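Subject: Structure handover

Hello,

Please find the structure below. My notes on it follow.

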Amino acid sequence: MARTGILIETENNEIKDTSLGVLTAAAGQEIYALVLDADPAAVKDKLAEYGADKIIGLKIGSGSPDLAAHALSAAIKEYDLTAMLGTASAEGKDLFARLASLMDQPLVSDCVAVNLDDKIVKKSHFSGKIIANLKVNGPLFLCTIRPNVIEPVAAPASGEILEFIPGVEDPGLVKILEIKKGEGGKIDLTEAPVIVTGGRAIKAAENYKMLEDCASKIGAAVGASRAAVDAGYAPHTMQVGQTGKTVSPKLYIACGVSGAVQHFAGMKTSKVIVAINEDKDAPIFTKCDYGIVGDIFEVVPALTEKL
Amino acid sequence: MKICVCLKHVPDTAASIKLAGDAGFEDSEIKFVSNPYDEYGVEEAVSLVEKEGGEVVIVTVGKAAAVTTIRGAMAMGAHRAILVKIDDQFLDSSLTAQALKAAMEQDGLPDMIFTGKGSVDTESFQTQYRLAQSLGMPVVNEVNALSLDNGKVVVEKEAGGGDKQVMEMSLPCVVGATKGLNEPRYPKFPDIMKAKKKKIQEIDLADLGVDGAAGSVVIEKLETVPERSGAKMLQGSVDDQVTELVKILKEDEKVL
């Protein structure tokens, strides 16, 4: 049994579902939940319900990403953790890469399965075409887990809060000057359990409203294909695929997306793929699970109605 | 200023990967290209040097065939290159960073280092961080905007949930590039011809004192992911189709 740290991500003092999945990935181990910048007491019950034996709060505040890595490293040493898992979110991937570099320990990013006892993980190579089984050798096992691949399962544990002061300083290499807030309230694409994507057939930026109406009914995020981004219908932050985001939701609904190889490279590990396209010969229909041949401006509103 | 760009030679995303043995793949018949994210790094380095003066040095850890990818970056304007030769496509991130560091130290450390945000073959997303740590340099990854003024580099990156972070680093530093940073140029014919005459220095990994067999992340087995096929096409009126789809997603697939 490995004494395993789990980096818990929160939003407005609520634990993200993706972090609960990471707790489940470590089921059977002695679990130390490390909570960044949230009140441990506020999330204690939920963490205990999903298997946290110990809970540690790490206050970073507005420090640089290096400071967070130093604080995690201090906690790993203090509690003799032999493994540390997190979410392969934008923040998690960055933080774990800094942590692994700082401690000079191996790291595997974006795993789809993890075996802590044998130190073997599975992850995508070549944009989802290949799954690599990797053996990780080293005293500390670090990995981030792709969001939504592990369904959270409750496994009650004691959830004892430990007081810990990292006592580390920001190395001062990277200074955060400003955080420009996005529109807010938007679900992060890489972590969304359901994604509705609009391709070139969306025809205009304002037509994304139709997809947002559909998405908001099912707690989905809205994405865009490269063609739609290049045409100026959507910002690059919404792009799914190579040179955009890699996503792996439970349900991916592609609306008016032709299905280029580069698009599949970013979403082919989705559990269920639905395609709606007017062109019955669109490549997307050869690699999806369910298809509807039709005009997205008729099908999507009808679908929204039924959801 | 001297800028190094780490460039990886990777299979084209459209290539179909045929496995060979437990941990390898057939690479002789598929097309290889520059890792797409690295091209944003090449473009940024070349345009900075066009403004500030200096040189752009490509540093690649790869098989001998990577020369074709290096020539492409030279056609975009890089001045010379160092190829650290390895026998396998796969070298773990830690060893790759050690090889890049050793090659750069031998050549003289640069003022700035660009990499892509990650490579599309092994998708490890960490070599740039390890390189920066070993050189004591700051690093920011997934950079989509950059300005350089008086030795200070201000970069912008996307944070989660649509937020953007603006960060500042001093030179020398490491920047992981992604889409948005610039639009990589298409080399013109004379540039392609000129690139053929530019110097590529080849070094064996072992000559840099790096043991290629000492990796701590080892591939035990590669498995092909079966492609989806035979999609269920829904039939009937639009109303029938969406009604059936919702029923399937709720009751059979249980994803809603």
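In what order do the 6 strands of the open sheet run, and is their pairing parallel or antiparallel? The order is β14(A)-β13(A)-β15(A)-β16(A)-β17(A)-β15(B), with parallel pairing. At the edges are β14 (221–224) of chain A and β15 (232–233) of chain B, each of which pairs on one side only. Helix α6 of chain B (residues 238–252) packs on this sheet, where it touches β15 (251–255), β16 (272–277) and β17 (290–293) of chain A.

A:Gly198 stands opposite A:Ala224 of β14(A).

The model is predicted. The predictor gives an ipTM of 0.96 and a pTM of 0.95 for the complex. Chain B has a mean pLDDT of 96, and 100% of its residues reach 70 or more.

The other element I looked at is helix α1 of chain B, residues 36–52. Its 17 residues should span 24 Å at 1.5 Å a residue, and the end C-alpha atoms are 25 Å apart, so the two values agree. Because 12 of the 17 residues are buried, α1(B) is largely enclosed by the rest of the structure. Among the buried residues are B:Pro36, B:Tyr37, B:Asp38, B:Glu39 and B:Tyr40, as well as B:Val46 and B:Leu48. Just after this helix, B:Gly53 takes a positive phi of about 85°.

Regards

Definitions and conventions: Residues are numbered from 1 along each chain as its sequence is written. Chains are lettered from A and ligands numbered from 1 in the order in which they are written. This is a predicted model: local features need pLDDT of at least 70, side-chain atom pairs count only at pLDDT 80 or more; totals for chains, interfaces and linings use all residues. Helices (H or I, at least four residues) and strands (E, at least two) are DSSP runs, numbered from the N terminus. The expected span of a helix is 1.5 Å times one less than its number of residues. A residue is buried if 20 or more other C-beta atoms lie within 10 Å of its own, exposed if 12 or fewer, and partly exposed in between; C-beta atoms are placed from the backbone. pLDDT is the predictor's confidence in each residue, from 0 to 100. Two strands pair if DSSP finds at least two bridges between them. Two residues are in contact if their C-beta atoms, placed from the backbone, lie within 7 Å. Axes are lines fitted to C-alpha atoms, for helices over the stretch in contact, and angles run from 0 to 180 degrees between N-to-C directions.
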